[in-house]
Amino acid sequence: MRALIAGFGALLAGLLVVGGVVLDDEPRPVEDSGGSGELNLDAVPEEFRAALLDAAGRCPGVSGPLLAAQIEVESGWNPAAVSPAGAQGIAQFMPGTWRTWGRDYSGDGVADPFNATDAIGSQADYMCHLRDLSDAGLASGAMSGDAVQLTLASYNAGPGAVAKHRGIPPFTETRRYVDRVLAAVAKYTLTGDDGQYEGQGPGVSADGTYRVSMPGSGHLDPSTLCELSWSPRILLRCDAAQALERLNVAYTDRFGAPLGVSDGYRDYASQVAIAAAKPHLAAKPGTSNHGWGLAADLIGVSPEGSERYRWLREHGPTYGWQHPSWARIGGSKPEAWHWEYVGVRT
Ligand SMILES: [Zn+2]
């Protein structure tokens with residue numbers, strides 16, 4: 001889907017004529033005015049992380065931190081928010097805008113502005129469109145200002161108002177909106193040098209459920225990986241593999257057969273291939289716990305309410321294996337089979 005959207009976007013950009021300027025589909029340099037930087041997932045509420053990761057970097061000029069900051073200001077991360085003016089959901093789409101831009105990113109068959117996954121994906125698409133309009137307006141001299149600020153002003157006041165005023169409209173609400181979003185960007189931007197994590201294993205998020213994109217994911221030193229004794233060819237980081245061995249002994253005692261494991265460590269190339277083949281199931285390459293050898297996909301534990309699933313929920317944490325809440329029913333990507341090693345808290 002990502003490739004499809006990118007292709008569609010490029011097609012649109014290739015055909016779009018704005019103010020006499022034909023936009024091409026060349027990647028643009030990313031501005032520094034609040035619009036760049038890597039997403040700090042720890043600042044994003046857990047249930048929205050997968051959707052944010054998918055939306056981050058949809059186009060070069062609209063970053064994950066910018067989208068996250070915008071959501072904070074729009075709705076305070078409330079998917080049920082409704083404004084007095086009738087704006088709906090976590091990204092506060094007006095119904096008319098949603099009719100044009102709303103898409104079913106959750107894959108449940110309905111494009112719903114109150115579904116956070118649908119809304120965040122559509123917000124990214126719409127922001128990319130507004131960014132294109134802003135860039136075109138700046139390039140043609142039809143407007144002046146900063147591309148990110150013009151894009152935010154367009155989201156708040158509508159692109160027509162920005163075009164009419166040839167820049168940020170003189171509306172107190174819109175100016176305040178732009179300021180507030182830009183002020184919130186820092187909170188959602190990852191700081192520090194990611195390179196320090198290379199080869200040192202993952203940076204575990206505060207709740208142990210997700211890792212930020214870092215060099216090294218999918219490029220682990222093979223000597224740090226161990227094969228499962230009962231499931232050859234499945235590799236995990238050795239401590240995670242040893243913990244799963246112990247969990248499997250208890251599981252086999254209980255159910256009379258070993259735990260089925262279909263997937264463990266994924267190198268970067270397979271993450272890219274899986275993300276292309278199953279965009280709604282696979283994490284953005286470089287962000288999956290499979291890339292750290294700390295996630296296992298289990299066979300026979302679905303659905304979530306099944307006896308085996310409930311047994312694992314009860315006993316897995318004793319061995320450091322947990323089912324992340326984003327992968328549970330009601331989470332952003334329910335996957336009963338996807339379990340992660342977070343270690344045992346002492
Ligand atoms: Zn998985």
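Q: What makes the set of residues around Leu-52, Trp-77 and Ile-90 a nonpolar core?
A: The largest nonpolar core has 44 residues, and Leu-52, Trp-77 and Ile-90 have the most contacts inside it. A nonpolar core is a set of buried Ala, Val, Leu, Ile, Met, Phe, Trp, Tyr and Cys residues joined through side-chain atoms within 4.5 Å. Buried means under 20% relative accessible area, exposed over 50%, and partly exposed in between, with a 1.4 Å probe and protein chains only. Two or more residues each come from α2 (49-55), α3, α4 (95-101), α5, α6 and α8. Helix α5 gives the most, with nine residues. A second, separate core of 28 residues includes Ala-240, Ala-243, Val-301 and Ala-336.

The model is predicted: local features need pLDDT of at least 70 and side-chain atom pairs count only at pLDDT 80 or more, whereas totals for chains, interfaces and linings use all residues. Residues are numbered from 1 along each chain as its sequence is written, and side-chain values use heavy atoms, with hydrogens and water left out.

Q: Which residues is Trp-77 in contact with, leaving aside its neighbours within four places in sequence?
A: Contact means heavy atoms within 4.5 Å. By this criterion Trp-77 touches Val-44, Pro-45, Phe-48, Leu-52, Ala-68, Ile-71, Glu-72, Ile-90 and Tyr-188.

Q: Why is helix α6 called largely enclosed?
A: Helices (H or I, at least four residues) and strands (E, at least two) are DSSP runs, numbered from the N terminus. Helix α6 covers residues 147-157, and eight of its eleven residues are buried, so the rest of the structure largely encloses it. The buried residues are Ala-147, Val-148, Leu-150, Thr-151, Leu-152, Ala-153, Ser-154 and Tyr-155. They pack against α3 (64-75), α5 (116-140), α7 (159-164) and α8 (172-185).

Q: What caps the N-terminal end of α6?
A: Asp-146 does, with a side-chain oxygen 3.0 Å from the backbone nitrogen of Val-148. A polar contact is a pair of N or O atoms within 3.5 Å; within protein, one must be able to donate a hydrogen and the other to accept it, and residues adjacent in sequence count only if both atoms are side-chain atoms. After α6 comes Gly-158, whose phi is positive, near 95°.

Q: What makes His-290, Asp-297 and His-338 donors of the zinc ion?
A: Donors are N, O and S atoms within 2.8 Å of the metal (3.2 Å for Na, K and Ca); water is not among the atoms, so sites may look incomplete. His-290 (NE2), Asp-297 (OD) and His-338 (ND1) lie 2.0 to 2.1 Å from the zinc ion and are its protein donors. Their spacing in sequence is H-x6-D-x40-H. His-290 lies in the loop between α10 and β6 and His-338 in strand β8, so the pair ties together parts that are 48 residues apart in sequence.

Q: How do you know whether His-290 is buried or exposed?
A: His-290 has 2% relative accessibility and therefore counts as buried. His-338, at 4%, also counts as buried. A polar side-chain atom of His-290 lies 2.7 Å from the backbone oxygen of Gly-264.

Q: Why are β6 and β8 called paired?
A: Two strands pair if DSSP finds at least two bridges between them. Strands β6 (residues 295-299) and β8 (residues 338-341) have three bridges, in the antiparallel sense. Asp-297 stands opposite His-338 in β8. The open, antiparallel sheet has four strands in the order β5-β6-β8-β7. Its edge strands, β5 (260-263) and β7 (321-322), each pair on one side only.
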